[in-house]
Amino acid sequence: MWVIMHTGHFGERDRMSICSVAVRRNPESRHSESRHSVSHPQPCPCHGETTMRLHKLAMLLLLTTTTATAASAPVHYTLDPDHTYPSFEADHMGLSIWRGKFDHSTGTATLDTVGKTGSVDVTVDIASIDFGNPALNKVMLGASAPMCQTQCGMFDVAKYPTAHYRGKLTDFVDGAPTKAVGTLTMRGVTKPLTLAIDRFKCIPDFMLKPRLRCGADALGTFQRDQFGLDGGKSFGMDMKVTLRIQVEAVQDQ
């Protein structure tokens with residue numbers, strides 16, 4: 001007789017296993033059997049094999065799901081202040097482009113290369129500004145520009161000691177983000193700011209193996225007068241500021 005075993009919904013091959021069971025009688029006892037004898041169903045010899053195969057399949061699915069979940073967990077990083085310097089470029093009276101940087105920044109980041117997500121949260125110490133010109137540093141950190149009647153706003157570091165950027169890492173290519181979409185808060189004003197990530201790489205840290213060190217180079221622009229930094233606008237100075245940010249971060253323990 002043919003016994004058909006329905007074994008679940010794991011696929012056509014596993015859902016229906018067909019066992020051929022040949023039930024043979026002893027020819028010598030064939031005539032001695034009663035007309036009313038009851039024939040008992042024979043157990044399918046493949047039942048145990050099928051059950052074990054389904055058990056293995058279920059364990060494989062569980063292992064695959066667990067591994068995928070673990071692999072997509074975000075990794076947390078802390079910015080290395082000795083390798084992170086937000087630099088900037090700004091117009092000076094239409095005559096030249098002045099460049100400077102901030103010498104001290106702190107922050108954190110997360111990165112999930114499998115899930116293609118991540119975040120950055122950076123705080124910049126405004127007092128660490130450095131144009132390579134101490135006199136200009138002092139002017140920029142004040143509340144207003146000298147010899148100015150209108151549109152004179154400077155960093156006013158006594159009132160606004162930090163700037164803050166918070167964003168999401170997006171547009172991943174080959175496991176690396178190519179953009180950060182977020183907001184910049186400066187002088188009490190928050191505005192959208194998107195950074196293009198031109199370069200991104202993670203390697204085992206030479207001193208802290210197996211922890212990772214990730215580095216990036218990012219670029220963005222904003223209009224400084226939107227943040228109240230309008231000093232020199234009445235003199236015809238361009239308000240556009242270009243950010244060029246070098247950043248490195250180390251994986252947390």
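Predicted model: local features only at pLDDT ≥ 70, side-chain atom pairs only at ≥ 80, totals over all residues.
The link of C202 and C214 is right-handed, with 105 degrees about the S-S bond. Because C202 belongs to strand β11 and C214 to strand β12, the pair ties together parts that lie 12 residues apart in sequence.

The disulfide count of the model comes to 2. Besides the pair already described, a disulfide joins C148 to C152, where the sulfur atoms are 2.0 Å apart. The link of C148 and C152 is left-handed, with -90 degrees about the S-S bond, and both of these cysteines are buried.

At least two residues of the lining of the second largest pocket are supplied by each of β11 (189-204), β12 (212-223) and β13 (240-251), and the largest share, 5 residues, comes from β12. The lining consists of 13 residues, among which R199, K201, G215, A216 and E248 lie nearest the centre of the pocket. When sorted by class, this lining holds 5 nonpolar, 3 polar and 5 charged residues, and the space in the second largest pocket is about 310 Å³.

Strand β10, which spans residues 179-186, includes T183. With a relative accessible area of 32%, T183 is partly exposed, because this value falls between the limits of 20% for buried and 50% for exposed residues. When residues up to four places away in sequence are not counted, T183 touches H164, Y165 and R166, and also T190, K191, P192 and L193. For one of these, R166, the separation from T183 is 17 residues in sequence, while the C-alpha to C-alpha distance is 5.6 Å.

Over the whole chain, 3 helices and 13 strands are found. Of the 253 residues in the chain, 33% are buried, and the accessible surface comes to about 16300 Å², of which carbon and sulfur atoms account for 58%. Among the contacts between residues at least 6 apart in sequence, 53% join residues that are at least 24 apart.

Technical notes. Residues numbered from 1 in each chain as written. Heavy atoms only, no water. 1 Å grid on protein atoms, 1.4 Å probe; cavity = no way out; pocket = protein on both sides within 12 Å on 5 of 7 lines; lining within 4 Å. Points joined across faces, edges and corners; volume = space filled by probe spheres on them. Helix = DSSP H or I, 4+ residues; strand = E, 2+ residues; numbered from the N terminus. Nonpolar A, V, L, I, M, F, W, Y, C, P; charged D, E, K, R; others polar. Buried < 20%, exposed > 50% of the residue type's maximum accessible area, 1.4 Å probe, protein only. Contact = heavy atoms within 4.5 Å. Areas by Shrake-Rupley, 256 points an atom, 1.4 Å probe, with all protein chains shown as cover. Disulfide = S-S within 2.5 Å.
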